[in-house]
Amino acid sequence: MKQNISMVPMIFKRNIALSAKLFSGLFRIGLARCSPKRNYGFNHFKKLGLVYFKLTGACNLRCVMCGQYGEKGVMKDRAAEENKKVLPLETWKKFADEIAPQKPVVYMWGGEPFLYPDIFPLCKHIVDKGLFLSVNTNGTLIERHAEQIVRDKWSSIFVSLDAFRDVNDEMRGKGSYDKVIAGFKAINREKEKQKAKYPLLGIVTVVTNKNYMDLANLVEASKEYKLDMHIINLGTYTNDNIVATQKRFMREKLNTEIDCLEAYNTGYNLGIDGEKLHRILSEVQNKNYGHPILTVPTLNPQKTHTYYAELETPVRNHCVVPWCQANVNYNGDVHFCADYPDYILGNIKDQSFKDIINGDRANLFRKTINESEGGMFPGCLRCYQNMLFGNKIKGF
Ligand SMILES: C[S@@+](CC[C@H](N)C(=O)[O-])C[C@H]1O[C@@H](n2cnc3c(N)ncnc32)[C@H](O)[C@@H]1O
Ligand code: SF4
C-alpha cells in the first residue's frame, strides 16, 4: 500500500487556505507523538488538534457492522431514551467558542448528524469562527440540503459508502447508494452554481468480508463525482478474548464497566483474504482516479492478513489521542475514545471543557494508558483512532 503521506502535496494543491487549517490541527497531533507524555500539572487544552462533536445518537440506517446500530450495536435498544438527551444549540455554541482560540479541526458525526435539528446554525457558527469543519454522514440526507451546505462553506464532507450499489445496500440498507449519489450530484451542482470550492468531498469506506472484493468497482464508479479524497478504513474489529481482557483491565485500573467494545465483535473480519485485499488496494492506489485513495492503516502486504486474522497482534501502538483530541457525546459527556464512550471525563453542561481536559479523571486515563504495555490498552488493538494516529510498529 502506498504511504498516505504521499498524498499531502495533492491535497494542498486543491485548496491551500483550507489545507493549511487542516494541517495545523494535524501538526499538533504529530507534535503530541514526539512530545513527552505529560500527565498531571500540564495545560493539555493548549494542545488540542482534533475535537469530535457527536451531535446525536439517532440514525436512519442500520448498517450491519456499525458499533451503534449493527448486529451488536449499543444504541439498538436504547435509541429512544438516549435521543431525548441531545444538547441544545446554545450549549454546543458555547463549547465551540471555548475551543475556537486553540484552532482544532472539528469533526462532526453521530448517529447521523443530519438528524440533529440545529446542525446548520451550529456548523455556520463553527465556520464563522474560522475552524476547519468536517462532517461525517451516511449521505442519505444531503441532496435536499446541498444548497445550504455549499452556501455555509462547510470545509469538508465525508460520506460513508461501502461498495457499489447492491453490496453497499446489503450493508447499509436498500436505496442508500442511490441517495448518496444523488447527494454527490447535488453538491457538485451547487458548487458550480455558487462558484464555490467548498466543501471538499470525500468517501469513507469500511472494509468487511462482504465488500472487500467490490472495492475496485466502488472506486471506479465514484470517479465521476469530483471527489477530493477516498479513505478506505480497514475496519474496527475485536474478539471474545480481547473484550474479556479489556473488561477486566478497565474494571481494575479505571473502575469502569464497559460495553462499547463488544459492539465491534461482529465477525465481519472473518474470511477476508489479506493477499487479495492487498492486491486490490495496491491496484486502486496506483491508478489515477483524479483524487487520492488513502488506506487507514497502511500495512505491508503480508500484514494485511494479520490485521484480520490475528486480532491480538498489534499493528499500531502508543496512542496519542489523550494528549491532543477529545470526543463530546450528544449528552455533553467528554471522552477520549470516540467509539468507546465508557470512561467519562466530565460533562460540558457542568464544567468548562478546559477543566475537564486538565482534570483528574483525564490525567488518570493518560497516566494509565502511558504506563500500559505499548502505550495502549488491550482493547485498542484495532481502534480506528489508534490506526489513524498510533505509532506504526516496525515491520507492519
Ligand atoms: C458511526 S458512523 C457515524 C456517521 C454517519 N452515520 C455515517 O455512517 O457516516 C462513523 C463512521 O464509522 C464507520 N463505521 C461503522 N462501523 C464501523 C466499523 N465496524 N469499523 C470502522 N468504522 C465503522 C461508518 O461507516 C462511518 O464512516
Ligand atoms: S449510518 Fe452511520 S451511525 Fe447509522 S447505522 Fe450506519 S454507520 Fe451506524
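Housekeeping: residues count from 1 along each chain as its sequence is written, and chains are lettered from A, ligands numbered from 1, in the order in which they are written. Since the model is predicted, local features need pLDDT of at least 70 and side-chain atom pairs count only at pLDDT 80 or more, while totals for chains, interfaces and linings use all residues.

Okay, the sheet. It's open and mixed, ten strands in the order β7-β6-β5-β4-β3-β2-β1-β9-β10-β11. Strands here are DSSP E runs of at least two residues, helices H or I runs of at least four, numbered from the N terminus, and pairing takes at least two DSSP bridges. β7 (293–296) and β11 (346–347) are the edges: each has a single partner strand, so one side of each lacks a neighbour in the sheet. Further in, β3 (133–137) and β4 (156–160) run parallel, joined by four bridges; N136, for one, has F158 in β4 as its bridge partner.

Now helix α5, 119–128. I119, L122, C123 and I126 are its buried residues, buried being 20 or more other C-beta atoms within 10 Å of a residue's own, with C-betas placed from the backbone. Taking directions from the helix axis to the C-beta atoms, they cover an arc of only 95°, which puts them on the same side of α5. Their cover includes β1, α4, β2 and β3, where contact means C-betas within 7 Å. After α5 comes G130, with a positive phi near 85°.

Last, ligand 2. Among the residues around it are C59, R62, Y69, E112 and R172, each with its C-beta within 6 Å.

Methods: Buried ≥ 20, exposed ≤ 12 C-beta atoms within 10 Å, placed from the backbone. Contact = placed C-beta atoms within 7 Å.
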